[in-house]
Amino acid sequence: MRLRRRPYCPRFRPRQQRRRSADLPGRTKLAALLGGALLLILSAGKAHAEFTVCNQTLDVVNLAVGQKVDNADQTDGWWTIGANQCVNVIREELTNRYIYIYATDVFGHAILNGSTEMCIDRRRFSIRGIDECWQRGHIAARFIEVDTLEQARWTYFLTGSSP
């Protein structure tokens, strides 16, 4: 007796055998829950971000930060913060009550109107001192003062209506 083989036709594929493990999604949820709990426990003891700036605008922002370091004023920049993103700009516990920030849009236009003049540069920088910016080859910019109320950690939110 001769057996005939059916020609291959994608419409008439034999059904694949179903898995009997109906609780696989439950296992996946449990693994995700345990993984999240472990991550929370491990990260609870260490807070890396001590001064964080969150950009709640719809534009990319470039940020410079000023603070006292070893009894001298110092400015550092640049951090690029995307829309609805946060960046840790000072990673150690805050020792200064006042932190100064200056922000520009992608075209270099200031988006914060501050009253404290400090020095910045066009490229990445770390500048000691805030006097005679132009004479030292830097750019004078007006930073806003953020009062952290002497907290060890602070988050500043940039909004469309920032001062």
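I take a salt bridge to be a side-chain nitrogen of Lys or Arg within 4 Å of a carboxyl oxygen of Asp or Glu. With that cut-off in hand I looked for such pairs in this predicted model, and the structure holds five of them.

Which residue forms a salt bridge with E50? I found R153, with the closest N and O atoms 3.1 Å apart. This pair links distant parts of the chain, since E50 sits in the loop between α1 (24-44) and β1 while R153 sits in the loop between β8 and β9, 103 residues away. E50 is buried, with a relative accessible area of 3%, whereas R153 is partly exposed at 42%.

I then turned to E93, which also forms a salt bridge with R153, here with the closest N and O atoms 3.9 Å apart. Because E93 lies in the loop between β4 and β5 and R153 in the loop between β8 and β9, the pair ties together parts that are 60 residues apart in sequence. The C-alpha atoms of E93 and R153 are 6.4 Å apart in space. E93 has a relative accessibility of 48% and so counts as partly exposed. Leaving aside neighbours within four places in sequence, I noted that E93 is in contact with E50, A152 and R153.

R142 forms a salt bridge with E117, the closest N and O atoms being 3.8 Å apart. R142 belongs to strand β8 and E117 to strand β6 (residues 116-120), so this pair ties together parts that are 25 residues apart in sequence. Buried or exposed, or in between? R142 is partly exposed at 43%, and E117 is partly exposed at 39%. Going back over the shared partners, I recorded that salt bridges join E50, E93 and R153 into one network.

I looked up an open sheet of three strands, ordered β4-β1-β9, with mixed pairing. Its edge strands are β4 (85-90) and β9 (154-158), each of which pairs on one side only, and the twist averages 25° from one strand to the next. Strand β1 (residues 51-55) runs parallel to β9 and is joined to it by five bridges.

F51 is found in strand β1, standing opposite W154 in β9, and its relative accessible area of 0% makes it buried. The largest nonpolar core has 18 residues, and F51, V53, L63, V89, I101 and Y156 touch the most other members. The elements that give two or more residues to this core are β1, β2 (61-69), β4, β5, β8 (139-147) and β9. I noted a second, separate core of 13 residues, which includes A64, C119, I120 and A141.

Notes
Residues numbered from 1 in each chain as written. Predicted model: local features only at pLDDT ≥ 70, side-chain atom pairs only at ≥ 80, totals over all residues. Heavy atoms only, no water. Pairing = 2+ DSSP bridges. Helix = DSSP H or I, 4+ residues; strand = E, 2+ residues; numbered from the N terminus. Axes fitted to C-alpha atoms, helices over the stretch in contact; angles between N-to-C directions. Contact = heavy atoms within 4.5 Å. Buried < 20%, exposed > 50% of the residue type's maximum accessible area, 1.4 Å probe, protein only. Core = buried A, V, L, I, M, F, W, Y, C linked by side-chain atoms within 4.5 Å.
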